[in-house]
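Hello,

Here is the structure I said I would pass on.

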2 protein chains.
Amino acid sequence: MRKIKAISYGVGNIGRDIARFMVDKGVIITGAIDLRNVGQDLGDVIGSGRKLNVQISDNADEVLAKTSADIALIAVATAMEKIYPHVKRCLEAGLNVITTSEEASYAWTSSPAIAAKLDQIAKENGVTVTGSGMQDVFWVNLITALTGASHRIESVEGRAMINMDELGPMVAEFYAVGRKADDIYAMIERKEKLPLGDEVVCLRMDLENQIAGLGLTTKSITESVRPIILDHDLPCKAFNRIIPAGDVTGLDNTIVIETAEGILFQATQTAKVYEPGEYDINEWLIRGTPTIHLRNDRPPTLLGTSSQIVNRIPDVINARPGYVTIDELPKLVCKVRSLEHYLTS
Amino acid sequence: MRKIKAISYGVGNIGRDIARFMVDKGVIITGAIDLRNVGQDLGDVIGSGRKLNVQISDNADEVLAKTSADIALIAVATAMEKIYPHVKRCLEAGLNVITTSEEASYAWTSSPAIAAKLDQIAKENGVTVTGSGMQDVFWVNLITALTGASHRIESVEGRAMINMDELGPMVAEFYAVGRKADDIYAMIERKEKLPLGDEVVCLRMDLENQIAGLGLTTKSITESVRPIILDHDLPCKAFNRIIPAGDVTGLDNTIVIETAEGILFQATQTAKVYEPGEYDINEWLIRGTPTIHLRNDRPPTLLGTSSQIVNRIPDVINARPGYVTIDELPKLVCKVRSLEHYLTS
C-alpha cells in the first residue's frame, strides 16, 4: 500500500500542527511553502525532533512544479478572495486541496463566483477542494448528527465563545478590543464591516453547511454585531494593558438564517477578552419535537482544527472531483491507523 | 413518487410514538400487530385523532400474508432471543426491519448465532435488518462524530443516567429497586445476572458499535454491577412506597472494553430512582490529543427513540441487504420532508 504524499502550504501556528499530525499518521510530506523560515528544514520548524529533508520555500510555483503529491494542505488565510490563487495553483498542479479557510467551508453564497470557478478548475483536473477545520465536527457534523433525534425542528440555535486574549494582538484588533464604544456604535450605525479584518464570521458558513446537510434551502441571511462593554476594568494580555470600564472588550456576532422550509437557524459567536473564570463554550439547542441540548466545555479550538483537517485527508482524496463542502463528506471519525489505510482506491 | 408502506409490529409506549411519527412523515401504515387492543383502529390507539383504517391484529402471520409493505417497525422486546421469531417472519415476508431491540444494535458478539442467522435470512430475501433507537444518535454517532476531532485517542468514557421511577414497576424490579442490599451483594458474589429481567445493558452494544465505527477490534469485555444504596429514605413512584435507607435504589452497570489497538472504551449506565433535582444525563469524555468533553442534559430518552427510528426508515430501505449495524449506516439527520423523498431507488 503506497503512502499518501502531501504538501504543507502555510507553516504558521495551524500549519505546523497539521504537518506534525500528518507525519505522525504516516503521510510523507514532499514539499513545504511559507514566507517565513525559508530554507529551513520542515522537521526543525515543526519541532518533530528530526529532519524531514524538506526545505521550506517561498516559491510555490517551483515547489508544485518539481514535487509530486496527492494533496496540499493550505493554511494561509480566511477569506476566499485571499486563498483563491493558492488553491487554484494546487488544483491546476493536479493536487487535492484541504484549506483551513473558514469561508471555504461553505462559500456558495458568500463568494459564489470564486466557489464556482474553483469547482470548475477542480473538476477539470479530476481533484477535490474542501474547507475544513474546527467547524467540521463542532459546528456542523455534531449538530446535524443531533438532528437525527428530531422528529420536527423549529429552530437550531448555537453559541460559541472564543478568547481574544489567546489569539494575539492582530486578531484582538479585528474584534475591536480596546476601542471606544462610541466609535464602534458609529461604525455599526454606518453599517461598516465588523470584525475589522478580513475575518469571516465562521458561524454563518457553519449554519449554511448545516442547512445544506439537512437538504433545506436558505431564504434570508441577517448578520448583526454588538460590542461587549463592561462596567469594570479588564486586564488584556494581547495588548499588555488594562481595558478601562466602558471601552470595548470584544464583539458578539449573530447570524440568523431563515429557510424556505420555515426552520430558523441562529448562532452567536462571542469573541472577547475573557474575565477570570470564563472559558470556551460550544452550546447548541435544537428546539422542536423533542427539544435537544448539547454542550462542549473547553472545545479544543486550536488542536481540533488541525486534527479534523488531517482526519479529513483520506475522505477528500476519496471524494468526487470538484468543490465539495463538508456536509457532503462521509462521517468524520478519528483515523486511528496510518492514513493510507483509509483510501478507497 | 410512491409513498413508503410500513407495518407497526408492537404498539406499546414506543410503538405508538413510532406510528404517530410515521403517519406525520407521510408513511402509509398498512398493518398493525399487537396482543393488546386487538380489533381497534390503529388511529384511535395512537391518538392520531382520525381512523387509519388499520385494525390491530394479534395474528402476525396473517397480517404479513395479506399485507404489502416496504418495512416493519418491530417494538416488542430487548433481547435478540426474544425478537428473533418476529424479525425472521418479517424478513421472510420480504420486509426490511428496524427493531427497537437494544441488543440488535450490535449483536455480533453477544448473540453471534442469531445475528448470523438473521444476516443470512435478510440476504436471501434481499432486505435489511437494523437495530436503532436512542443509542443511534446519543450513544453511538454523536461519540464517533466527536472522535473526528481526535488525533490520538487514549480512551472513550461515557456516563448515562436514567430514572427508574419513570419506567414503571416492571423495569424498576429488573434494576433491583427496593431490594435488600445484602441479597444483591450475594447475587453479585454468585455472578448471577443483573439486571434481573431480560434487559440487556445497552451501553455494551453502544461501545461495540463505536469500536466498529472506528475500525477497531474488541479484545476483551468486562461487565460489572454495583447496587446504589442511600443513607436516607427515598420515595418511589414506581412502587408507590418509600425505599428505606440502606435498601437498593438502583444499579450502576459498568462496561469496559479493551481493543487490540490499545484504546480503552468504558461506560457506566446508572439506572435508579432519582432524588429531588436529579435528571437524565449523557456525558462523554474522549481522552487523548486533544481531550474532548460533551454533555447532553435531559436527553429525550423516550421520544428520541421513536424519532431516531423513524428518521432511519429511508436509510435502512436504501442499505445493502443483510444485518446492518448503525455504525455502517449513513449520517443520521432529521428527515424534514415526507420520508419517500429520501429513497435512492
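This is a predicted model: local features need pLDDT of at least 70, side-chain atom pairs count only at pLDDT 80 or more; totals for chains, interfaces and linings use all residues.

Residues are numbered from 1 along each chain as its sequence is written, chains are lettered from A and ligands numbered from 1 in the order in which they are written, and side-chain values use heavy atoms, with hydrogens and water left out.

Searching the whole structure gives two aromatic pairs over all chains (rings of Phe, Tyr and Trp, the last by its six-membered ring, with centres within 6.5 Å; planes under 30 degrees apart are stacked, over 60 edge-to-face, the rest tilted).

In chain A, W108(A) and Y323(A) make a tilted pair, 4.9 Å centre to centre with 40 degrees between the planes. W108(A) is in the loop between β5 (96–99) and α5 (112–124), while Y323(A) is in strand β15 (residues 322–323), 215 residues apart. Helices (H or I, at least four residues) and strands (E, at least two) are DSSP runs, numbered from the N terminus. W108(A) is partly exposed at 31% relative accessible area, whereas Y323(A) is buried at 2% (buried is under 20%, exposed over 50%, partly exposed in between; 1.4 Å probe, protein chains only).

In chain B, the ring centres of W108(B) and Y323(B) are 4.9 Å apart and the planes are at 40 degrees, so this pair is tilted. W108(B) is partly exposed at 28%, and Y323(B) is buried at 1%.

Lastly, the charged end of R298(A) sits over the ring of Y279(A), 3.9 Å from its centre (NZ of Lys or CZ of Arg within 6 Å of the ring centre and within 35 degrees of the ring normal). R298(B) lies over the face of Y279(B), also at 3.9 Å from the ring centre.

Regards
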